[in-house]
Amino acid sequence: MNFREPLTLFAIILFSIGLSGCLNWAARAVNKLPNETALDKSYKYEGKIIIIGAGASGLAAAKIMEQNNIDYQILEATNRYGGRLKKDTSFADFPIDIGAEWLHSAPVSLNKLKGKKGLEVDEDLIPYHLSNTASWDGKKYTITPKWINNFIYNFMPESKFKNTTWYDFVDENIAKTVKHKIQFNAPVSKIDYSGQKVIVTTRNGNIYTADRVLLTVSIGILKSEDITFTPEISNERRIAIESINFHQGFKMALKFSEKFYPDAINCIVEKGEKVYYDIAFKKNAQTHVLGFLCTGDKTNEYYSLNSNQKIVDSLLEELDQMFQGKASEFYLGEYLIENWGQHEFTQGTWTTAFEEKKSTLKVLSQPLDNKVYFAGEIFDTYQQMGVPGAILSGYFTADKILTD
Ligand SMILES: Cc1cc2nc3c(=O)[nH]c(=O)nc-3n(C[C@H](O)[C@H](O)[C@H](O)COP(=O)(O)OP(=O)(O)OC[C@H]3O[C@@H](n4cnc5c(N)ncnc54)[C@H](O)[C@@H]3O)c2cc1C
């Protein structure tokens with residue numbers, strides 16, 4: 001492999017994107033963190049607030065309301081909280097992040113998310129420094145030299161939670177104090193902000209009234225127009241919503257009796273990403289679990305198989321080509337799948353706000369008549385991406401709602 005070849009370098013960059021799920025800046029992102037968040041301030045507000053969505057951003061905003069004794073309620077479409085944060089504890093002998101998994105930023109950013117001062121981090125983290133990786137172009141399996149893995153890690157020092165998950169972090173530090181305010185199975189279908197109060201209606205016809213509403217659903221839900229607005233949102237905002245990149249995709253885990261695979265295998269694809277990776281990497285685990293993350297164009301090929309078992313068969317076939325039949329030999333017949341792209345209340349995987357036009361983000365982040373506000377990963381004011389971006393947007397918008 002000649003690493004001076006532009007294509008090879010491009011493949012390396014794709015590789016790093018594939019592993020992280022997003023473009024990188026890692027440690028540099030810490031410099032963009034705000035000096036203080038709404039957690040460090042106090043607020044007085046007499047009105048009633050409704051938060052729509054109990055994902056990372058909605059829960060974070062709720063934490064501010066709770067801390068300041070504000071009258072609020074959370075309406076969540078599903079029967080659980082966390083949104084795209086989800087953990088599985090039944091598949092293996094360690095908890096698996098079946099949604100968000102990596103901390104793209106430096107560990108100390110966790111302190112900002114939970115309002116802890118100083119540089120000492122409480123969480124036990126695994127530095128995601130891989131030493132044994134490869135790439136696959138559909139025919140050729142190429143082992144990545146160690147210096148490239150070192151280069152990637154130095155450029156993008158990511159981490160994973162050692163014995164816990166992203167879900168646990170948010171559960172312990174944010175959800176714990178606000179979960180009693182969640183109304184589950186309450187999918188919002190209408191938001192009427194034409195009067196002095198905002199009227200929110202759920203699909204089952206329940207009506208809620210508030211002075212201000214915070215909408216934290218994914219951009220996929222806004223694209224689907226499952227929620228109608230009265231008055232209708234502007235054409236400019238509709239175009240902005242449409243223009244945001246929100247890839248289809250899914251995550252899978254396969255269980256094997258032997259670990260025949262390296263830390264990660266990046267599959268070269270034109271658009272999106274396709275990566276196999278050792279989910280148990282440096283975890284306290286005996287189980288051998290290989291993860292598979294697919295977003296973008298390739299996703300439709302798997303969706304067109306119309307069966308999870310057929311997706312598994314297709315992955316095993318590909319792995320058999322790479323490892324001379326070892327995948328089928330060691331497969332224990334157990335898999336886990338979370339199809340975020342086709343999940344009714346997610347409809348995609350993740351957005352990368354910093355890749356979008358600033359003007360688009362500005363249009364999106366404007367509240368509707370200072371009554372309906374928006375938060376979530378795409379409203380990532382401090383360029384943190386993913387979960388940290390979503391949490392900080394919750395704090396940021398809570399501050400706006402309470403001070404506007
Ligand atoms: C496979 C995958 C891997 C990822 N990997 C990483 C990673 O490694 N690191 C990282 O930082 N980030 C990662 N992300 C992104 C991260 O998960 C998200 O950025 C973050 O969780 C988004 O939080 P949110 O609150 O903005 O949105 P969501 O989590 O989508 O929360 C929105 C909530 O609104 C609810 N809702 C939707 N519609 C309605 C409605 N009509 N009425 C009421 N409620 C509704 C939903 O059920 C959900 O609970 C990943 C995402 C996926 C899918």
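**In which sense, left-handed or right-handed, does helix H8 cross helix H12?** The crossing of H8 past H12 is left-handed. The model is predicted.

**View 1. Helix H8 packs against helix H12.** Helix H8 covers residues 235–243. Helix H12 covers residues 358–365. Two numbers describe a packed pair of helices: the angle between the axes and the distance between them. Here the angle is about 125 degrees. The axes lie 9 Å apart. Angles over 145 degrees would count as roughly antiparallel, and 65 to 115 degrees as roughly perpendicular. The angle here therefore makes H8 oblique to H12.

**View 2. A shell of 40 residues surrounds the ligand.** The closest residues are Gly53, Gly55, Gly83, Gly376 and Gly386. What kinds of residue make up the shell around the ligand? The shell divides into 19 nonpolar, 15 polar and 6 charged residues.

**View 3. The chain is assigned domain 1 and domain 2.** Each domain is built from separate stretches of the chain. Domain 1 takes in 6–31, 124–163 and 247–342. Domain 2 takes in 44–78, 187–238 and 350–403. The centres of the two domains, taken over C-alpha atoms, are 33 Å apart. Which domains supply the shell around the ligand with at least three residues each? Domain 1 and domain 2 both do.

**View 4. Four strands form an open sheet with mixed pairing.** Read across the sheet, the order is E13-E12-E11-E15. Which strands stand at the edges? Strand E13 (207–210) and strand E15 (228–230) do, and each pairs on one side only. From one strand to the next, the twist averages 20 degrees.

**View 5. Strands E11 and E12 form a hairpin.** Strand E11 spans residues 188–192. Strand E12 spans residues 198–202. The two run antiparallel, joined by 4 bridges. Between them lie 5 residues. Look for isoleucine 191, which stands opposite valine 200 in E12.

**View 6. Strands E12 and E13 form a hairpin too.** This pair is also antiparallel, with 4 bridges. Which residues of E13 partner isoleucine 199 and valine 198? Threonine 209 is the bridge partner of isoleucine 199. Alanine 210 is the bridge partner of valine 198.

**View 7. Three strands form an open sheet with antiparallel pairing.** The order is E5-E9-E6. Strand E5 (102–103) and strand E6 (125–127) are the edge strands. Each has a single partner strand, so one side of each has no neighbour in the sheet. Strand E9 spans residues 159–161. E5 and E9 pair in the antiparallel sense over 2 bridges. Leucine 103 has serine 159 in E9 as its bridge partner.

Notes: Residues numbered from 1 in each chain as written. Predicted model: local features only at pLDDT ≥ 70, side-chain atom pairs only at ≥ 80, totals over all residues. Near = placed C-beta within 6 Å. Nonpolar A, V, L, I, M, F, W, Y, C, P; charged D, E, K, R; others polar. Domains from an automatic or database assignment. Pairing = 2+ DSSP bridges. Axes fitted to C-alpha atoms, helices over the stretch in contact; angles between N-to-C directions. Parallel < 35°, antiparallel > 145°, perpendicular 65-115°, else oblique. Left-handed = near helix turned anticlockwise from the far one by under 90°.
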